[in-house]
Amino acid sequence: MTTRHEPESTGFLYPFIESEETDATSLLDDLAASARGKAGESARLQQESLDEYAPGLTAAGTQMAERFLRGGRLYTLGNGGSSTDAATLATLFSRPARGRPVAAWSLAADEAVVTALGNDVGFDLIFKRQIIAHARDRDVAIALSTSGNSEDLMTAITEAKQRGLLTVGFSGHDGGRMAVADDLDFCFTVHSQSIHRIQESHAMLGYRLWSVTQEHMARPMSEARP
Amino acid sequence: MTTTAQLGGSYIGMELSADLAAAALDLARRFHDGATLWVISPQWEPHAHHVAVEFVHPVIMGKRALPSVALVEPDPVAQARVASQPGDLLIAVASADEPAVVDAMRRAPAWGVLTLWIGSGPRPPAGAANHILWIDSDDPMVPATGTFVLMYHLLWELTHVCFEHPGLLKPRAESDVCVTCGDEGRLGEVVLEPVNGQALVRAAGGEEWVDTTVLGDVRVNDLILVHAGAAITRLEATS
């Protein structure tokens, strides 16, 4: 169609990424090996995160179950890819393939609400203002951020804590602001520099949290109560 | 006992990693030629949104933004039909029995769209999509454990590696040959009902007027086989 694939003048410096390359076999082999390597890293990080946070996930899931049994509901929060992971987590709680559904939704899901707040009061308040509107003291808020630094999440978590919600943070890298936030009852930091691998571990930690919650809600009342 | 899920990475063996590699090269080639990537996931909309934001706004600074859109209206087939153009890409994240995805996949060749299907559980039939990227597990919780997220993360990462190999992104001679162009004819989708025995039909190469006198009654969105300028068979939904 066009001639935009012509070799650049510096092409001679990089003989192996030269545009004259025509056999895709070795590239496909490299890509497949790379996929397996990254997948192995993803699985290792998921297992390490599950192991590191086993006691915290059990405690958080148990407290969540107690709140759901009192009519509490779950709000999930995140930006970008983490907003979609927050939505998947909310759906896991509200519409699970098996087990008992509980009320849960993502606070990024409604574009009318998000754009109204973003436009009128500023992007940093898109979640906080919804917490003010929706939250009751028996509810739960889970915030997902690969950096742990998102301002819109942190202001919402502070508001949620003040209103008596159980607050849970999923963070990454060194944990960022989330790791040192007094307003978070639980913070699960996935120790990785890769946003992709952190998100994959967030999903697995969220799944474990759901499993604990389900297990606890299935127990007879006398057992469920401490 | 708390339910444990199998770790997503443990599913990526020799076969699936090779499937991901081949799919990524096709993605890169089509993006290189100006494709837009459409994404549908009627059962799990957030996965469609995640794929789209991954390509549009890369998490790694400096990687190029690529056109990708999640189609999440109640009728994703109608949305994909009007949005897509020949040369585009369609990713579905869905189980093999999701009706809208089954329908979109059988129509995509008539739209000229290359298809990828990510899912778990029972597999779609061979050839149902250009690339079937499948987790062979009967655990219904797989879609919520990060395994699909891992798969489209890998697709994105591998696609960008392919951009570093411009020589392999050039159009290939064999890519001009359509496998459905043998004696059986080409797949087309009816755009306008026949007037004087001629219907406007959309096929991979574009729109064309086709003689429908053999079939007679032809409706908009019917899938037909076109041979030598004439509609010779109507394809009924298999399920």
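In the predicted model, 43 residues of chain B are in contact with 43 residues of chain A. On the side of chain B that touches chain A, the elements giving two or more residues are helix 1, helix 2 (45-56) and helix 5 (147-162) of chain B. By class, the residues on this side of chain B comprise 24 nonpolar, 14 polar and 5 charged.

Two of these elements of chain B, helix 1 and helix 5, are considered here with helix 1 of chain A. Two packed helices are described by the angle between their axes and the distance between the axes. Helix 1 (residues 25-52) of chain A packs with helix 1 (residues 14-32) of chain B at an angle of about 125 degrees, and their axes are 8 Å apart. Helix 1 of chain A is therefore oblique to helix 1 of chain B. The crossing of these two helices is right-handed. From helix 1 of chain A, the residues A:L28, A:L31, A:A32, A:A35 and A:R36 meet B:S17, B:A18, B:L20, B:A21, B:A22, B:A24 and B:L25 of helix 1 of chain B. Sorted by class, this contact has 10 nonpolar, 1 polar and 1 charged residues.

Helix 1 of chain A also packs with helix 5 of chain B, at an angle of about 140 degrees and with the axes 10 Å apart. That angle makes helix 1 of chain A oblique to helix 5 of chain B, and the crossing is right-handed. The contact involves A:L31, A:S34, A:A35, A:K38, A:A39 and A:S42 of helix 1 of chain A, together with B:L150, B:L154, B:E157, B:L158 and B:V161 of helix 5 of chain B. Its residues divide into 7 nonpolar, 2 polar and 2 charged. A:L31 and A:A35 are named both in the contact with helix 1 of chain B and in the contact with helix 5 of chain B.

Within chain B, helix 3 (residues 76-83) has the buried residues B:P76, B:V77 and B:A80. Viewed down the axis of helix 3 of chain B, these residues fall within an arc of 100 degrees, so they line one face of the helix. The buried residues of helix 3 pack against strand 1 (37-40), strand 3 (89-93) and helix 4 (99-111) of chain B.

Chain A contains 9 helices and 5 strands. Its elements run, from the N terminus on, α-α-β-α-β-α-α-β-α-β-α-β-α-α. Of its 226 residues, 48% count as buried. Among contacts in chain A between residues at least 6 apart in sequence, 67% join residues at least 24 apart.

A:G148 lies in the loop between strand 3 (140-144) and helix 6 (151-162) of chain A. Not counting residues up to four places away in sequence, A:G148 touches A:S171, A:G172, A:H173, A:G175, A:G176, A:R177, A:M178, A:A179 and A:T189. A:G148 and A:T189 are 41 residues apart along the chain, and their C-alpha atoms are separated by 8.3 Å.

A:R219 is placed in the loop between helix 8 (195-217) and helix 9 (221-224) of chain A. A:R219 and A:L209 are 10 residues apart in sequence, and the distance between them in space is 16 Å, C-alpha to C-alpha.

Terms used
Residues numbered from 1 in each chain as written. Chains lettered and ligands numbered in written order. Predicted model: local features only at pLDDT ≥ 70, side-chain atom pairs only at ≥ 80, totals over all residues. Axes fitted to C-alpha atoms, helices over the stretch in contact; angles between N-to-C directions. Helix = DSSP H or I, 4+ residues; strand = E, 2+ residues; numbered from the N terminus. Parallel < 35°, antiparallel > 145°, perpendicular 65-115°, else oblique. Left-handed = near helix turned anticlockwise from the far one by under 90°. Contact = placed C-beta atoms within 7 Å. Nonpolar A, V, L, I, M, F, W, Y, C, P; charged D, E, K, R; others polar. Buried ≥ 20, exposed ≤ 12 C-beta atoms within 10 Å, placed from the backbone. Arc of directions from axis to C-beta.
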